[in-house]
Amino acid sequence: MRTSPIAVVVGFVAMVFVAGCSQMDPSMSPTAPTSASSVTSASLGSAGTATVGLQSHAAQPPFNLEAILRGDGFGLVKFRQKKEATQNIIDLDVWVRDLLPDANYNLQRAVDTTLDGICTGTNWLTLGQGLTPQSIVTDDSGSGRASLWRDLSSLAPGTTFDIHFRVIQDGTANIPLRSDCYRFVVRD
């Protein structure tokens, strides 16, 4: 039996809708901190030292997240930590649509060290292949994909922070897509 492309799109939209409508797990409450963790914020993409979020037990989620990007188009970032890895590599699979055709975009993130569920961080870091930025190139229909990654091995297991994403068009100040604020925990 062959699945039609429309059925795949309808299924994907339904999954995104259900994920977007689900309630936050009470264990992810922004008011449930346990202790502070100090790391160099250079590992988070800015200079100096900052108190990075709160340290929760490294065996508790959310280790992975799916960030929905909305604005002048639509996108999704699948943010995954490899389990049982010798390094703490984050895989970032990005998908965008309804943007300008044949254009280059970059995925950026900013972290917020105040765990209140409101992302105010402005330490935007362009993501790519490790520390090398990589563009998301759209096709003639304005859709694009990229497989990016980032090494978080310098962060202590259990480090927790709020994170948000945006997509910015190369060489411009145009920011067509943004995400909501998400909570993230570095896996042990």
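Among contacts in this protein between residues at least 6 apart in sequence, 62% join residues at least 24 apart; contact here means heavy atoms within 4.5 Å. Before I go on, this is a predicted model, where local features need pLDDT of at least 70, side-chain atom pairs count only at pLDDT 80 or more, and totals for chains, interfaces and linings use all residues. Residues are numbered from 1 along each chain as its sequence is written, and side-chain values use heavy atoms, with hydrogens and water left out.

The overall picture, then. The secondary structure amounts to one helix and 14 strands; helices (H or I, at least four residues) and strands (E, at least two) are DSSP runs, numbered from the N terminus. Of the 188 residues, 42% are buried. Buried means under 20% relative accessible area, exposed over 50%, and partly exposed in between, with a 1.4 Å probe and protein chains only. The accessible surface is about 10100 Å², and carbon and sulfur atoms account for 55% of that surface. Those areas come from the Shrake-Rupley method with a 1.4 Å probe, and for residues only the protein chains shown count as cover.

Now to strand β6, residues 104-112, where Arg109 is found. Leu107 counts as buried because its relative accessibility is 0%. Leaving out residues up to four places away in sequence, Leu107 touches several others, including Val77, Leu125, Ile136 and Phe165. Between Leu107 and Gln169 there are 62 residues in sequence and 9.1 Å in space, C-alpha to C-alpha.

What about the charge on Arg109? Lys and Arg count as positive and Asp and Glu as negative, while His and the chain ends are not counted. Arg109 is buried but has no salt bridge, and the nearest side chain of opposite charge, Asp112, is 11 Å away. A salt bridge needs a side-chain nitrogen of Lys or Arg within 4 Å of a carboxyl oxygen of Asp or Glu. The Arg109 side chain does reach the backbone oxygen of Asn123, at 3.1 Å.

Last item: which cysteines form the disulfide? They are Cys119 and Cys181, with sulfur atoms 2.1 Å apart; the cut-off for a disulfide is 2.5 Å between the two sulfurs. Cys119 sits in the loop between β6 and β7 (125-126), and Cys181 in the loop between β13 (177-179) and β14 (182-185), so the pair ties together parts 62 residues apart in sequence. The link is right-handed, with 70° about the S-S bond. Cys119 is buried at 18% relative accessible area, whereas Cys181 is partly exposed at 24%.

How values were computed. Polar contact = N/O pair within 3.5 Å; in protein donor to acceptor, adjacent residues only side chain to side chain.
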